[in-house]
Amino acid sequence: MRTRFGWILPGVLAAASMVGCGSSSTTTADSGTTTQNDSGGMGDMGHTGDMGGPAPDSGSTTGGLFQGVASKVTLPTSDTEYAQDVDGKGKKNKLGGVLAAMKQLELQIGMNEALRTGQLLVLTEVFAKALTDDPAASIQVHLGKDLDGNATDNFSGTEEFGVHAKSPPAAKVNIKITGGKIEGSGGELVFPLPMGADLVLLTLKKAVIRGTVSTTGISDGILAGAIPVSEFDSKLAPAMAGLINAYLKDTKVDAATKTMLKTMFDGNGDGNVTTDEVKSAAVMSLIKNPDVDLNGDGKLDKDDGISGAISFTAVAAKIKR
């Protein structure tokens, strides 16, 4: 049986239609239960931390020269795929190695489903004098809201979206555009990772972004940076516990797969995976060894981060403020 970890609650996803489609769903850590709300958007957006405040202000009343929505996001399958140099010490993508070690979770399936259903809407804006060449441009990333509640037309190239009220206000990077090629680094962006019915938003520091932009979209996009180690404990581990427990309770999941998961994450063998058990799992030890010095103290410890990179494609869209 195919183990569809990344979208363990397809019925919940279909009923909720997630982002901007009438209601949203969040997973309760350690229990695998879900709660619905009628916020008309992402609700509390799962284990995202405190991201309150108004929608980000681009500094422009007319919006970016290019506005779009991510239509495809591809997660790495190794520590070399999509690797970038985020700290001047060589290309790396440790997150890719971590995800490869947890391939049973099939998070790429979850990413695809989150985009298809509208659970995940990542909007991009390029502020530039021209999309062909501009040495002093910038790119901003928002979490979007589907204004018409119809996920099937999200990637039509003309769809209009709102900016979600909990979109990170500082998600902006300075870039240069040369012959339509984007290259930028520095600043912070958001790193979305769907975990079943939960949407985990990780902070990407020392952000690096590349791609090719035109009036119709962004192709060959790469988003990289360093994710603080602390966020794996505070955001990722609780979401993983909820996802695994939901999977263990799913009657459609085969016994062999459940046994494997219990072996990996259920330390005391009681059939319920807690956040602490996820944190102490052997596979998670990869995360405990950061490879990017975030605070500049010359040491790599709990105050630093691990490198991460994904690939993305965006199609044109309109952003309504």
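Helices H4 and H5 run roughly antiparallel to each other, a description given to angles over 145 degrees, whereas angles under 35 count as roughly parallel, 65 to 115 as roughly perpendicular and the rest as oblique. The structure is a predicted model, in which local features need pLDDT of at least 70 and side-chain atom pairs count only at pLDDT 80 or more, while totals for chains, interfaces and linings use all residues. Residues are numbered from 1 along each chain as its sequence is written, and side-chain values use heavy atoms, with hydrogens and water left out.

Helices (H or I, at least four residues) and strands (E, at least two) are DSSP runs numbered from the N terminus. The axes of H4 (residues 229-249) and H5 (residues 255-265) come within 10 Å and cross at roughly 150 degrees; axes are lines fitted to C-alpha atoms, for helices over the stretch in contact, and angles run from 0 to 180 degrees between N-to-C directions. The crossing of H4 and H5 is left-handed, that is, the near helix is turned anticlockwise from the far one by less than a right angle. Met240, Ile244, Tyr247, Leu248 and Lys249 of H4 meet Thr257, Lys258, Leu261, Lys262 and Phe265 of H5, contact being heavy atoms within 4.5 Å.

Helix H3 (residues 107-117) is largely enclosed by the rest of the structure, because 8 of its 11 residues are buried. Buried means under 20% relative accessible area, exposed over 50%, and partly exposed in between (1.4 Å probe, protein chains only). Among the buried residues of H3 are Leu107, Ile109, Met111 and Glu113. Gly118 follows H3 and has a positive phi, near 90 degrees.

Strand E10 (residues 198-214) contains Lys206 and Val213. Val213 is buried, with a relative accessible area of 5%, whereas Lys206 is partly exposed at 32%. Leaving aside neighbours within four places in sequence, Val213 is in contact with Phe66, Val126, Leu131, Ile177, Gly180, Ile182 and Ile218. Val213 and Ile177 are 36 residues apart in sequence and 8.5 Å apart in space, C-alpha to C-alpha.

Most residues other than glycine have a negative phi. Lys206, however, has a positive phi near 50 degrees. Tyr82 also has a positive phi, of about 65 degrees, and lies in the loop between strand E3 (66-74) and helix H2 (94-101).

The charged end of Lys172 sits over the ring of Phe127, 5.4 Å from its centre; the criterion is NZ of Lys or CZ of Arg within 6 Å of the ring centre and within 35 degrees of the ring normal.
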